[in-house]
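Please keep the sequence and the model in view while reading.

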Amino acid sequence: MMKYTKENFIFLLCGIIIYIVDIGVDFWVASKYFYKGQYTWAILIISFRCLSSLITQIFSYQWFKNDCEGTDPEKLKLIFLVHFFHCGIFIRYWFALKYGCQAAFKQNSNGDVSETDHPNFIQKQAIDVLTDINMLRIFKTFLETTPQLFVQIYVLMEHKNHNFYQYAAIIMSFCGISFSTVDYQVSLRKSLPDKERFRVLSKLVYLFYKLLTITSWILSISLVTLLSARSSVILLILLWSCGFAWTLKQHTTFCKSKEMEFLYRTIIGIVLLFTFFNIKGRKTKVPVSIYYVTHSLVTVGILLVYWFWKPSVAKEIHFTIVGILTILCLVLGIVFLVVYYGLFHPTYYCKQQTCFDEVDRGAGDNVEIGRFQNFIMQ
């Protein structure tokens, strides 16, 4: 298992800052829409925020509950109240700062130390807490940040009057997607012992692959929505159904209860609307190929529909720019995808329990198999 570094701690601080600023920007943008009488956009922005917060609080509390089995019931009640008021993520950030600071700056392996003070144990604590946060941030990214990005881009395409707060919201969305996807991959590499270190070049390639393919897809969906909101909803429901059916076929085992597992599969179906993830840690060549071939065909199909059905719109300069950006982002995204999977993707695929059983705490005991092994991988 790799070490928790000062760089990881700095990224954690940046992530906290972005998280807090993102909350402020969401309410600022929503208030601007309310002030201008654009209630639909304001309600959508707040709804995505509330939905992602609710889901992250539910999973965060369940993880605390699972980790605290056999402890004081009063402690669980307090944890429940904190999550009830949607502040559970801040508890996790507090522990991440505490253990991260110890692991990155205060570790000292000299002398006799207790098991809980052993450097390797502190490293594991820091990585585990950060991994939980990054899993929750993946939920937030695709339940809130990415849908909000779609709304902002759609509003920019539909209305000619552009405002600073709209661009601020788009920038924050891109920052949120960037930090969450890269941080998640860093946590993945650190938590799985046989995966190579996620170096700067591989981070950039992975980031561009995700951002460009997601941007192309959001532009495509925005074009469909401009053409027909009903068609956009039908397309998204159809694609979500395919993603949800795939999770059912994969027999995911992330949660302990059937109800939570069903919720998890539902959310992963939403995540798969925007980007591909390997939900079982198996080889991805065929699934990822099918996924992006399908998205490419749908994207090209949308542009062709505009070209033949709405030729007057297709000849407008705005559509030309959006169309070029859509195709350019798609092509470049696929190029970065091929480069990432060809040169930087780990060649070792961790089978259930195998690699986790080989990780040593460094204090004499084998590490417990964590929830991360059953979460989405690449």
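## The largest cavity

The largest cavity has a volume of about 120 Å³. On a 1 Å grid over the protein atoms alone, a cavity is a set of points where a 1.4 Å probe fits but cannot get out, and lining residues have an atom within 4 Å of a point. Grid points are joined across faces, edges and corners, and the volume is the space filled by probe spheres set on the points. The lining of the largest cavity consists of 13 residues, with Ile18, Tyr19, Arg137, Lys140 and Gly176 closest to the centre. Helix 1 (6–35), helix 5 and helix 6 each give two or more residues to this lining; helices here are DSSP runs (H or I, at least four residues), numbered from the N terminus.

By class, five lining residues of the largest cavity are nonpolar, five polar and three charged. In this scheme Ala, Val, Leu, Ile, Met, Phe, Trp, Tyr, Cys and Pro count as nonpolar, Asp, Glu, Lys and Arg as charged, and the others, Gly among them, as polar.

## Basis of the model

The model is predicted: local features need pLDDT of at least 70 and side-chain atom pairs count only at pLDDT 80 or more, while totals for chains, interfaces and linings use all residues. Residues are numbered from 1 along each chain as its sequence is written, and side-chain values use heavy atoms, with hydrogens and water left out.

## The second largest cavity and asparagine 134

In total, the structure holds six cavities of 30 Å³ or more. The second largest cavity contains about 100 Å³ of space. Its lining includes Glu7, Phe11, Asn134, Arg137, Asp183 and Ser187, and helix 1, helix 5 and helix 6 each give two or more residues to it. Five residues of this lining are nonpolar, three polar and four charged.

Asparagine 134 is found in helix 5. Asparagine 134 counts as buried because its relative accessibility is 1%, where buried means under 20% relative accessible area, exposed over 50%, and partly exposed in between (1.4 Å probe, protein chains only). Beyond its neighbours within four places in sequence, asparagine 134 is in contact (heavy atoms within 4.5 Å) with Asp183, Tyr184 and Ser187.

## The second largest pocket

A pocket is an open set of grid points with protein on both sides within 12 Å along at least five of seven lines. The second largest pocket holds about 760 Å³ of space. Of its 24 lining residues, Leu156, Met157, Glu158, His318 and Val322 lie nearest the centre. Helix 5 (119–158), helix 6 (164–191), helix 7 (200–227) and helix 12 (317–344) each supply at least two residues of the lining. The lining comprises 16 nonpolar, four polar and four charged residues.

## Nonpolar cores

A nonpolar core is a set of buried Ala, Val, Leu, Ile, Met, Phe, Trp, Tyr and Cys residues joined through side-chain atoms within 4.5 Å. The largest such core has 90 residues, of which Tyr4 and Phe59 touch the most other members. Helix 5 gives the most to this core, namely 19 residues. Leaving aside neighbours within four places in sequence, tyrosine 4 is in contact with residues including Phe9, Leu12, Ala96, Gln123 and Lys190.

## Isoleucine 270

Isoleucine 270 lies in helix 9 (residues 258–274). Isoleucine 270 counts as partly exposed, since its relative accessibility is 24%.
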